[in-house]
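Dear colleague,

I am handing over the structure below, and after it I describe what was found in it. Please keep it open beside this message as you read.

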Amino acid sequence: MPFDLTTLDEPLKTLAAYDWGADAAPFKAIDAAVIAAHADKALRAELEKRFTDLLGGGTTRAAKEYVCRKLMMIGTATSVPALAALLGDSDNSHMARFALERIPVPEAGNALNKALATVSEPLKVGMISSLAARRDPACVTALTALLKGSPLLAIPAANALGSIHSAEAVQALAAADPFAGEGVGEAIVNARLACAEAFLAGGKRTDALAIYQALAKAASGKPDAKAVELAATRGILTCADAVAAAS
Amino acid sequence: MTKPLADVAPAATRREFLRAAATVGAAAAAPYVITSKALGDATTPPASDRIVMGGIGIGNMGKGDQGAFLNRPDVQYVAVCDVRQKWREEGKARADAKYGNQDCAALIDFRELLSRDDIDAVHIATPDHWHAIMTIAACRSGKDVYLQKPETLTLHEGPLMIAAARRYGRVVSGGSQRVLGDYRGIVDPIWAGEIGNVKSIDISVGGPSMPCYLPAQPTPPDIDWDLWLGPAPWEPFNSGRCDGNYGTGGNSWRSYVDYSGGSLTDWGAHHFGGAIFAADLRELQPTKVTYHPAAADGKTAAYMSVTYPNGTELFHNRPAHLRPAPSVAHQGAIQVAGDGKPRAAKPVPQYRNGESNIYGDFIECAKTRQRPFRDIELAVNTMTTPHMIAIGYRLERSLTWDRASQQFKNDEGANRLLDRARREPWSIS
């Protein structure tokens, strides 16, 4: 039986003016509709339209937060413009990412990548975090450009490149200074180790070994880099174990 | 203004270097701090045998954990950290009273604690939404970690925590003190082979957490509210949102989805942990998650089950009339049915070196670099079950899990719930 959309009219009207502490009982109908929408394309499209309408002006922060939580579950490319419009707003940026990060369409990643160039520095950190979570290779160029800038952004950018671990990401990390100051070098080393582990897990032992050997060579003879040398040596030994296990 | 997490890294690396230099080629990683009692006495081991510790999240469970570590002569307890002034001051007072000095640092921000080079290990007992971030940061800072259960809030966090522990060679113990201690009535006969192969397990425990719609209250001056929220969505202060009591009915952080998995993962960590240990499933993760909808007659509520690769089925809140006769049971919470076929006995895993509790197990492992009884990998495996069940309830459908990819098969809706975006500047990448 088709979902009766008229049952949502009053709850959605209530939602538009909702603030924390108000009666949330009407939300049960909306929650039920979101669950039903997984198996009902027409309902999903209608819900998404009504939700994105609510993200515009005139609704409360609490209402926008609720809507973002629901779009995290059912949002599609249709939701992306309305969510992207909130990315630069410090009150709502995180909840816009809360939805966008989990919506598995390229438009969502593009919106985050585009916002990375325009939002304030504190919010950029969030964009980087969400792009890392999406392992979006399209943002590698933008992240690479951040490696030589402010540590506030270079550190999460390095971490993100380690999460993405595409060929371009690995190359960018290899070209970066593993001994850069203010925590950046440590993040680069951590990211390169993460890349090597991902290669190992994927059976790409030669690629993993190349990273470990490069790190060991870079750290060799540097008293302050014993930890790097140790981690790289451990990795080289793990690669040897992998060869032994395969033979 | 809080600093980004990775700002702890420089100190972490210096510490890692010093530790690495001191311990390379050796089995033990001893602390290098020299205290006033460096040589020890009749009741206190020398500093080289003591683990220097700090605690993060020092109310309720953190208080108990602190007490357990403070009472060990092989622990030197030097710092507490809590965003609440009351817990912080009480935690410092307990440590200072123990040692008869004023030396215990009382910190608000965990990054300050992790940046201290003299600390070997930390215990973490914050709300669950902080567990992964703090554990990974601690590993990167060269600290061993005793982490309260439930170790994870999302399925995505677990592999990242395991990777951090392994990458930095850290001992990371999960924190259910009950798994080995409370369930011997089912553990011993099952490991002795007395019920044959385990066919089904029934667990009775509360359900998942819920959304929080509590009203705003004035933020009291004795809490750093922004740091309490951390990676969770910004919400106004309400005492019921952040109280650390053990209830899950709406007046504690354990009730709410942004901070906890509810009873299902809170008490569930004990019950699922005990049952999974009893059935020797700790190395496994379920492959199937089955949603059993409520019966049309209104008499049978919805319930869930998971199936492990070896065929064992584990049920959450299956109605009593649908359960098989149990072979063994733990109170009303866990019922286990075996096939009764002959099976060889196996020795029950124990805490290391004869230690009598999980705290001693952790300290022993911190000294000897062994993996603890509730090693983070086993803890993560255990917690996958209630997390999957929670997703099944939320979506009201059955799911199939692919362990290799850590994804649900052919269900993008379920995969959206594997993790959640963290509020800037927090990240676990």
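In this predicted model, Phe27(A) and Tyr66(A) are both buried. The centres of their rings lie 4.5 Å apart and the planes stand at 35°, so the pair is classed as tilted. Phe27(A) belongs to helix 2 of chain A and Tyr66(A) to helix 4 (residues 61–74) of chain A, which means that the pair links distant parts of the chain, 39 residues apart.

These two residues are part of a cluster, in which ring pairs link Phe27(A) and Tyr66(A) with Tyr18(A) and Tyr213(B). Over all chains, the structure holds 20 aromatic pairs. One of them is formed by Tyr18(A) and Tyr213(B), and it is edge-to-face, with 6.1 Å from centre to centre and 90° between the planes. Tyr18(A) sits in the loop between helix 1 (9–16) and helix 2 (27–37) of chain A, while Tyr213(B) sits in the loop between strand 7 (198–203) and helix 9 (225–229) of chain B, so this pair joins two chains. Tyr18(A) is buried, at a relative accessible area of 3%, whereas Tyr213(B), at 22% relative accessibility, counts as partly exposed.

Turning to the interface, 51 residues of chain A are in contact with 49 residues of chain B. The two chains bury about 4000 Å² between them, and carbon and sulfur atoms give 57% of that area. Which three residues supply more than any other three of the area that chain B buries against chain A? They are Arg167(B), Tyr213(B) and Arg416(B), which together supply 21% of it.

The interface of chain B and chain A also has 5 salt bridges, and between these chains 18 residue pairs are in polar contact. On the side of chain B that touches chain A, the elements that give two or more residues are helix 1 (9–23), helix 6 (157–167), helix 13 (376–395) and helix 14 (412–415) of chain B, and the largest share, 6 residues, comes from helix 1 of chain B. Glu412(B) forms a salt bridge with Arg44(A), in which the closest N and O atoms are 3.5 Å apart. There is also a network of salt bridges that links Glu65(A), Arg69(A), Glu235(B), Arg241(B) and Asp258(B).

Over all chains, the count of salt bridges is 37. One of these joins Lys367(B) and Asp74(B), at 2.6 Å from N to O. Lys367(B) lies in helix 12 (residues 358–368) of chain B and Asp74(B) in the loop between helix 2 (60–70) and strand 2 (75–81) of chain B, so the pair ties together parts that are 293 residues apart in sequence. Asp74(B) counts as buried at 7% relative accessibility, while Lys367(B), at 23%, counts as partly exposed.

By contrast, the salt bridge between Glu229(A) and Lys226(A), whose closest N and O atoms are 3.7 Å apart, lies within helix 14 (residues 226–246) of chain A, where the two residues are 3 apart and therefore separated by about one helical turn. Glu229(A) is partly exposed, at 22%, and so is Lys226(A), at 39%.

Finally, there are two places in chain B where a charge lies over a ring: Arg282(B) over the face of Phe373(B), at 4.9 Å from the ring centre, and the charged end of Lys346(B) over the ring of Trp191(B), 4.7 Å from its centre.

With best wishes

Conventions
Residues numbered from 1 in each chain as written. Chains lettered and ligands numbered in written order. Predicted model: local features only at pLDDT ≥ 70, side-chain atom pairs only at ≥ 80, totals over all residues. Heavy atoms only, no water. Phe/Tyr/Trp six-rings, centres within 6.5 Å; stacked < 30°, edge-to-face > 60°. Helix = DSSP H or I, 4+ residues; strand = E, 2+ residues; numbered from the N terminus. Buried < 20%, exposed > 50% of the residue type's maximum accessible area, 1.4 Å probe, protein only. Lys NZ or Arg CZ within 6 Å of the ring centre and 35° of its normal. Contact = heavy atoms within 4.5 Å. Buried area = accessible area lost by both parts, 1.4 Å probe. Salt bridge = Lys/Arg side-chain N within 4 Å of Asp/Glu carboxyl O. Polar contact = N/O pair within 3.5 Å; in protein donor to acceptor, adjacent residues only side chain to side chain.
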